[in-house]
Amino acid sequence: MLKHDVVIVGAGLAGLRACIELRKRGVDAVIVSKVYPTRSHSGAAQGGVNAAFDENDSWESHFFDTVKGSDYIGDQDAIEILTSEAPANILELQKMGVVFNRNDDGGIAQRPFGGQSFPRSCYYADAVGHMMLHGLFDNVLKYDTKIIYEYFVTSLVVDNGKISGVAAYDIKEGKFHGIAAKAVLFATGGYGQVYSSNTNALINTGDGMSVAIKAGVPLMDMEFVQFHPTTLKSTGILVTEGARGEGAYLLNSLGVRFMSKYAPKAMELAPRDVVARAEQTEINEGRGVDGAILLDVRHLGKEKIMEKLPQIMQLSIDFEGVNPIYEPIPIRPGAHYSMGGIKTDNNGRTVLEGFYSAGESACVSVHGANRLGGNSLLDTIVFGRRAGIDIADYIKNVDFSKFDESTVKRDEEIFENIKKSAGKERHGLLKTELQEDMRKNVGVFREESLMKKAIEKIEELKERAKNVGVDDKSHLFNTDIIEAFEFKNILLIAEIIAKGAVMRQESRGAHYRNDFPERDDEKWLKHTIAKLNSKGGIDFDFSPVKITKFKPQPRTY
Ligand SMILES: Cc1cc2nc3c(=O)[nH]c(=O)nc-3n(C[C@H](O)[C@H](O)[C@H](O)COP(=O)(O)OP(=O)(O)OC[C@H]3O[C@@H](n4cnc5c(N)ncnc54)[C@H](O)[C@@H]3O)c2cc1C
């Protein structure tokens, strides 16, 4: 068994940022990740990270924009921390070596982003995530940190209401190990793979959320799923909001900039929920182009496209066969981001002592019912940093608790049983059925009858999943079995999303119900809390929203 004071699961931005705080305080913290750190989804972030720097801007304005963007269900104490700490956090990144584009005067350049009343998104062309991830990883290496990669975490090990470590499968060797720890941080990212046509890495299967709820840690606001307005029609690959930040237009089949009808002031730079619904309405009402909308960047000119949006240009050529310098890009809404996650306080603490979460796997909650572009990278660094500092303090006065190997043995048996199974079902096919169903029935526009169909489908898939067998029976690098586990994780997450979405009888942010088209603050200005009951079913409860400064108002753009 391995033993370290702190185990950080996840090597994306949230995990790396927390790790730096721990290592610089001399803490024995290790990183465990199912892929090599720089393959984490954070590296795919394109558009930018928000902070109010400019003398004509203010963090209070960023604070208000974020509260409004969340459709008033984000916790305002947490959003105040996110926005007021943003500038110092970005400057710290800069000191660590993260490069941003510059203005002529040498200051950090900023571009406009959706739902923000000032251009406050710091960027590096259209590859800011790549730059941030590599920058932070360099710093983690500088502190000589032990990185345990290609390890797949399957369970939390808990003793008497306190964390004692994790169970993990070594993908390279095909062996299970216990890793004992005084504190565990889950920075395990999102669950985009619940949906077909998503922008996410294949590894984004909500493992952390699934493992946490199975250990009794509640998940919050899981019905709020962000659909990004501009993903390539054929593949779901993202086209950054930075394109619209640089001035791109959205056109329907009549060549009309239709956003004037839906958000006359903000136009293409309205928040994502508003733009995604506008696009889907145009498509549904017959003004789409082959089931898509056109994103036009041609008027920006070749030079600007090549300087500010080079990745977008190449992705459009490679995956859509369209060169955006000469032709508009066919796009449509795609699943992108999980607003909900493991419920934490403002320092990443969960209800389980010693167990923390930060980044996309966590719900602090700063994004509420709709995240603004550029606020997620900010969330990972602000709350990753805070969790790191809090953990360093926490572990000073605690000892290792008893590590019960039976959890590791149980997971090992589950693996062995899948390997031996003669089951005829295949996880890949079940996953495709689930993803399509979630896109059709729990997507941009929702209604009870459709969502109930999705729940029936999920029940059917749960039964069929018991009969999953794998073709690869070997020990070494058996990704077939890993994917079988990942499928079980997204299936559980899908069930929580669909059931929570049926329950919430209102429209708020990204959760839009045709049968309840209005926001209902009287009944639904509250967080949804999901827990597993002893029979494996899902119980829902609610918790109040923290409102400190801004009373809910109608949300128009
Ligand atoms: C294409 C794309 C573009 C984006 N662009 C922007 C943007 O411009 N601005 C913005 O603010 N946000 C953007 N986002 C959102 C943002 O990038 C993510 O929310 C954020 O990077 C998540 O970081 P993270 O550290 O929480 O998780 P991730 O970077 O997803 O890392 C998760 C880590 O957890 C590990 N892990 C997961 N499960 C297990 C397991 N079972 N065992 C072991 N390890 C595990 C993985 O190996 C990985 O290292 C974008 C997202 C996408 C998909």
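I started with aspartate 273, which is buried with a relative accessible area of 4%. My cut-offs for that word: buried is under 20% relative accessible area, exposed is over 50%, and partly exposed sits in between (1.4 Å probe, protein chains only).

Ground rules before going on. This is a predicted model, so I took local features only at pLDDT of at least 70 and side-chain atom pairs only at pLDDT 80 or more, while totals for chains, interfaces and linings use all residues. Residues are numbered from 1 along each chain as its sequence is written, and side-chain values use heavy atoms, with hydrogens and water left out.

**Around Asp273**

I found aspartate 273 in helix H9 (residues 272-284). Helices here are DSSP runs of H or I with at least four residues, strands are E runs of at least two, and numbering goes from the N terminus. Which residues does aspartate 273 touch, leaving aside neighbours within four places in sequence? I got Asn370, Gly509, Ala510 and Arg555, with contact meaning heavy atoms within 4.5 Å. Asparagine 370 is 97 residues away from aspartate 273 in sequence, yet their C-alpha atoms are 6.7 Å apart.

**Salt bridges**

I looked up the total and got 51 salt bridges. The criterion is a side-chain nitrogen of Lys or Arg within 4 Å of a carboxyl oxygen of Asp or Glu.

I checked arginine 386 with glutamate 85 and got 2.7 Å between the closest N and O atoms. Arginine 386 lies in helix H12 (residues 375-394) and glutamate 85 in the loop between helix H3 (76-84) and helix H4 (86-95), so this pair ties together parts that are 301 residues apart in sequence. Arginine 386 counts as buried at 18% relative accessibility, while glutamate 85 is partly exposed at 22%.

Next was arginine 508 with glutamate 506, also a salt bridge, with the closest N and O atoms 2.7 Å apart. Arginine 508 is buried at 0% relative accessibility, and glutamate 506 is buried at 0% too.

Then I took arginine 513 and aspartate 515, whose side chains meet at 2.9 Å, N to O. Arginine 513 is buried at 0%, but aspartate 515 is partly exposed at 32%. I also looked for salt bridges that share partners, and one network joins Asp71, Glu223, Asp273, Arg277, Arg504, Glu506, Arg508, Arg519, Asp521 and Arg555.

**Helix packing**

At what angle do H3 and H12 pack? I read about 95 degrees, with the axes 9 Å apart. Axes are lines fitted to C-alpha atoms, for helices over the stretch in contact, and angles run from 0 to 180 degrees between N-to-C directions. H3 and H12 are therefore roughly perpendicular to each other. Ala78, Ile81 and Leu82 in H3 meet H12 residues including Phe383 and Arg386.

I then went to H14 (residues 427-441) and H15 (residues 448-465), whose axes come within 9 Å and cross at roughly 170 degrees. That makes H14 roughly antiparallel to H15.

**Domains**

Last, I noted domain 1 (230-335) and domain 2 (420-520), with bounds from an automatic or database domain assignment. Their C-alpha centres lie 28 Å apart. The contact takes eight residues from domain 1 and six residues from domain 2.

How values were computed: Angles under 35 degrees count as roughly parallel, over 145 as roughly antiparallel, 65 to 115 as roughly perpendicular and the rest as oblique.
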